[in-house]
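Please open the structure in the viewer and keep the selection tool at hand.

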Amino acid sequence: MRTVLSLCVIISTALACPIKKPSCSDVPKICPSDWDIKEFESQYATLAFQGTWRVQMTTPFMVPGSEPLKTGLFCSCYPSTLNELIFTDTTPCDDTDYNIEYEVIDQSFNIFTQTLEQTKTLFSPAYGKSSKYAIFNVGTEQYYKTPITEINPFVDEKLIRHKIEGFCKREYTVAVIGADKCWEEYMVLVVINQYENLFCKNDYLIFVLTRAVVPEWSTYSKAFDDIQRSNLNPYHLMSVDQSYDSFASSLSPTGSLIPTGSIIPTSSSIPSISSETSIPKVPSIPSVSGDIDSAIQQTSTTTQSVTKSVNVGNSCSSSTTSTTTVQTSSVIISISPDFTSPYDIGPCDLYKRYNGGLIYKGLDFGTVRDALSGTYYLSQCTPVSLGDSPDARIGMINSGFPACSLQITIDDSCMDDWNVNTPYMFVERGMNMRTGSIEETRGYLMSVYPADHEFSSTVFTLFYEGYYPNQDDDLFDFPLDGMICKRPYDFYTDTTPIILCYTRDQIPSQSIMNKITQEILRCGFNPNVLVRFDQTHKIDSNYVFDSSLYESPVTSFSSSKSLDSTLKSSPLLDLPKICPPSWTVKTFDDQCSTIAFQGTWRVQMTTPFMVPGSEPLKTGLFCSSFPSTLNELIFTDTTPCDDTDFNIEYEVIDQSFNVHTQTLEQTKTLFSPAYGKSSKYAIFNVGTEQYYKTPITEINPFVDEKLIRHKIEGSCKREYTVAVIGADECWKEYMVLAVINQYENLFCGNDYIIWVLTRAVVPEWSTYSKAFDDIEKSGLSVNYLMSVDQSYDSFASSLSPTGSLIPTGSIIPTSSSIPSISSETSIPKVPSIPSVSGDIDSVIQQASTTTQSVTKSVNIGNSCSSSTTSTTTVQTSSVIIDLSPDFTSPYSLAPCSLYKGIQIYKSMDLASVRDALSGTYYMIQGSPCSFDQSQDARVGMLNTGIPACSLQITIDDSCMDDWDVNTPYMFVDRGMNMRTGSIQDTRGYLMSAYPPDHEFSTTIFTLFSEGYYSHSIKESTPLNLDEMTCKPPFEIYQYQVVLSIVGYSKGEYLILCIANQFNNPFFNCGDEPSYNLYCYTRDRIPSQSILANINQEILRCGYNPNKLVKIDQTVEIDAGYTFDRSFFESTTSCWSSSSSSSYSMSSSSFSATSSSISIGC
C-alpha cells in the first residue's frame, strides 16, 4: 500500500514563417561575416587551383555512434594519416574556360590496414560558375554508414544543391579562407556545416593544405594568421603525419600516392545531408503524392502462412498456400489470471451507474491510515475539466490544460489508525503551465459511513475549497443516504466523490504500472479511459500543514472581479468553407517557410482521444489515452532534393511511447495540401495507417468539392483533415494543429481535437501561453487539452537504434548548405581523364562494400529442382578495430582505483621496467589535447595540438641497472613548434609513484616536469594521491602527472595512460572519464605488425583506439639529446622570466615518507 494508491472517486458531473530573408552583403550569407573568403580572380587562377594538395593540419573529426566506413577528411582520427586531395578540372581538355568545378579524390593512408583508401567527391561552385568566391558545395560518397546530422543547419535559397543519387550520398559546403596569391604554396579550407564532433564540439572543421610534402615553417605561420584573421581558433587543429609518404606511394600503381597527384579538401566538417533531410532540385527520392507505402515499414502486423498439400494421384500432388495478416493491438489490455491482491472487492450501490463497478471493502484501519497519508503523484487519470474560466484552479477535477505535475498530500503528523469520525487535512498541488506557478487547493478527507458500515474504510468524502469560481452542478442527483460526514467548515462547498490513480514515485516502474492496470481491470473499469498524466516537472518543496490556514474563512476565490471572458478572432479572407469562420489559419508565405516547417515536433498538449468500441491497435495521435505518452511527429518534405520548390506535402511519422509494453510505436502518414500545392493555407488532408481495427465514423461530415482526397489503398487506410491555427513566425518554437473532422470521442464529446506541438522537449512557460492565446483567438477552448508527459524521454530514446526517440533524430531540416550538380556540365573533346559531368561513378571503384549471394536448391521430383538466390550487400568498416583472440602479451592487466574502465599493467620485473623506461621513443598515436591558446605554450604530451609535431620522449639511459623505485630518472619531452620551426624541450623527472611493496610499484609512475603552460592545468576530478611516496626532486618541477604502463614490447613500443583527468576541449565525453593515452615506438615509422599489436594492447586495456590521432612524425629531430645533470638540477625553469616556478598541482597534496632521494644510479 505504500507503493500505489487507487482512489475511486465518483464524479457526478460531466467529464469531460514566414521566414524573413535577411539582407545579404556581397559575401554569401551562409558564411560568417568575419570570414575572409578567397576569390578566383581570373581563368588562370582556376587552373592554378588544380593538382595535388597535402593535408597538413586538420580539426580531428569523428562522429560517435555513426559507424565510420573508412578514413579520410571526415574520419581523421586514428588510423587515418597522409591525407591528400587531387583536384581535376571537369573540362580538362579546355584550358581557356573559366571553370571552377572539380572532380576530387580524397585519399588517405590507413595505418592499421596499411592500405590506401579513397573517397570520390565533386566540388561544384556553390553559387554557380559565374561566381568568383571559392565556396564549393561538395557531393561525396559516404564516410559513415549512418548519416551524420548537422547542428544548426543553414538555409540559403541561392545555394546550388547536389542531387543525392549515384555516388553522391552526402553533401557539405566548404569555403577557402586563406591561400597564397598564386595557389602555389598553401590554402585553408573551412567546412561551413557543423556536426556533433567527438573531439571539438561546435568547432568548424578546418583543413590546412600545402603543395609541398614538408612545407616551410613560414607556410604554417601564414595559414595560422589566415585562420585567426577569420576569427577562428587554430589551436584545435592537429598536424597530419606525412612520414608514410614513400611507403604509401609504393602501393599506388603510378608511384604517386594519388594516381595523378594528391589534393586535400579543407572542408573540415563532414557532409551529412541524409536523403531524408536534404532539399535539392530534381528529387532523387521518389515523390509520394498520395501513397506512403515506402515511408516506413508497417507496424503492429504479423503475417501467417499455411500450406496444404493434397495427393492427386499419378505421383503428383498439388498444394495451396493461404496467407493471413493479423493486426494485433498493443493498447487493449486484458486482465491477467496471475494477478492477485490481498484485499477483497465487492459491488457498491454508488457505482450502479458504472455497470456494476467493484470497489475495495473491509480494509483494516491501520492499512487505511497508511494508504491515506503522505504524498502521491498523479500517474493516470480520467481527464476532467468542468469550466472554461481562466481563474479555475488545476487539480483532480481540473486535470486538463494548464495542469501538470499534480500531486496530493494527506497530513501524516499523527499515524494512529484511521478514525471514521476524524477529518484529515488534504492538499492538492500542481503546476499551472500558463504561468509556471504552483497552485494549491485545500480540503479535508474523511470517511463517508459509520464504523459498522461495509464500506466505512473504503469510501470517503473530500470537502475542499473548490477548483472553479462557481459550484459544479451534478448531472443527476447523487444518493447520500446513510452518509454521516458533514463539512468541517462552511467554505468547503463542493462534495465530489472521485476516481483516480496515484503512485509514490513520480515516475513509477513498469511493474507498478502493470499492477495499477490490473487493479483497474479487476474492479470492472477500463484503463484505456485514463491518460498518463504529465509529471515532467517536479515540485521540489514539501508541503507543511498549518491547521490555522485550513480553518480560515478566506478561500482561493474570495474575489469580486468578473470572471467572464470574450473571445475575439480575426477571420481570414477566402478561408475554405470546411474551417469554422472564427479559425485563424496559418499560411505558408514563401518557399523557405515550407522548409522550416519540417523536422521533429513534440506533442506537448493534446485533446485526449479514444473511440469506444472501435478496437484501437496502437497508441498515437488518435489513441492518446493510457497507455500513450511521449508523442512525437517528424515531418519530411516529399521532394528532399529540391530546395527551390514550394512543396507542402510531407511524409510524417507519428511515434509514441507505450508505457504498458514499454515500447515505441509508429504510424506513418502523408500530409498533403488539402487544396493543392499552389494553396498557401496550412491545411492538410492526411492519409494514414489505421489506428483502429474498426473504422471510426465522423459526426456531421463536411463536403467540399475542392478538397483533394487521398486514395484509400496501400498503407493509406484512413484520412482526416487538419489545420494549423497557431505558430510562431519562423516555425522554430511551437504550432497548434486542429482536426477539422469531428468524431464520437470518449473524452470530449464533439469538441475539435487539438494538438499543441513544440520543438523543445521541455519548452518555456511562455510557449504554452502563446499557444493558449492562439487557441482562444480561433474561438476554441484550451480547457479540454491534456499535457503530454515527457518524463520517459531518456528511457524511450534508449529503445531507438539511433539513440533518438524518432529514428532519424530530432534535427530540424532546413534548405541546408549544399549545392547541386547539374548533369549538363561541359565535356572536353578528348579527355585524358574521364569527364564526370555531375557523376563520377567511374573515377574510382566503390569502396567499403561487399556483396554476398546465397543460393538454395530444392529437389521437387521428376529430376527437377527449383532454386532461390538471395543477395545481401554488406558495408564493412576499415576504421573500427576489434579485439583479436589471437593476441597475447607476457604481461598481465589489473584494474586500478586511479582509473575507471581502464586496466593497467601490474608486477613487471625491475629489469623490464628499466628497459621500457630508457632511451628515445617517438609518439605515434596520442590523445589530442591543448589546454591553453597562448603562443608561449610548449609542445609535448600535454599539448599535442597545433603547433606540435615530431614529438618524442627520452629517458636517461646512462646507467642501465635495474629500476629503483626510490630513484628519479631524468626525462625530456621534445617536439617541433610548427609556427616557429624551433625544437622545444621540456625537462622533468620520472619516478615510481608507490613504495616497493605496492601492487603497482613497477607500473605507475609520477612525472614531475617544468610544465607545458605558464599556469597549472585544472583537473576535472582531483586524483587520489594516498599511499604515493614520491615528491618533486627540485623546486622547478612542480607540474605533476601520474601515468601508467598499459602496453609494452621490448624494442618496439611503450603505451602510457595518464590517470589525471583534465577538462580537455578536444573531447566531448559528457560525464564519462577522459584519459589521455600515448603510444610510443622505437622506430619513427613502425611496421604494420607493431601497429597492430599496439592497437590490440589498447583494446585489451579497455580503451578505444579510434579516440586517438596519428601524431605527425614527418620531420625528424636529428640531434640526439644529451643529459646534463647540472642543467636538470638548475633552479631556473623555462618560465623563469619573472618567477622561477609558477606551477601548482590542483590535485590533493600528499606527504613524502620515503627515505632521502639519490639522483641517478
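The stops below concern strands, a helix and a loop residue.

This is a predicted model, in which local features need pLDDT of at least 70 and side-chain atom pairs count only at pLDDT 80 or more, while totals for chains, interfaces and linings use all residues. Residues are numbered from 1 along each chain as its sequence is written, and side-chain values use heavy atoms, with hydrogens and water left out.

**First stop: strand E7**

Please select residues 170–179, which form strand E7. Helices (H or I, at least four residues) and strands (E, at least two) are DSSP runs, numbered from the N terminus. In E7, 10 of the 10 residues are buried, so the strand is largely enclosed by the rest of the structure. Here buried means under 20% relative accessible area, exposed over 50%, and partly exposed in between (1.4 Å probe, protein chains only).

Two strands pair if DSSP finds at least two bridges between them. Gly 139 has Glu 171 in E7 as its bridge partner.

**Second stop: strand E27**

Select residues 683–688. Which residues cover the two faces of E27? Ile 683, Asn 685 and Gly 687 lie on one side, with Phe 684, Val 686 and Thr 688 on the other, and all are buried.

Strand E26 (residues 663–673) is antiparallel to E27, with five bridges between them; Pro 673 is partnered by Phe 684. Strand E28 (residues 718–727) is likewise antiparallel to E27, through six bridges, and Gly 687 stands opposite Glu 719 in E28.

Select residues 510–522, the 13 residues of helix H5. Among its buried residues are Ile 512, Ile 516 and Ile 520. Gly 524, which follows H5, has a positive phi near 90°.

**Final stop: Pro 612**

Select Pro 612, in the loop between strand E23 (599–606) and strand E24 (628–637). Pro 612 is partly exposed, with a relative accessible area of 46%. Glu 744 is 132 residues away in sequence, yet its C-alpha is 8.1 Å from that of Pro 612. Not counting residues up to four places away in sequence, Pro 612 touches Glu 744 and Leu 746, contact meaning heavy atoms within 4.5 Å.

Note on methods
Expected span 1.5 Å × (residues − 1).
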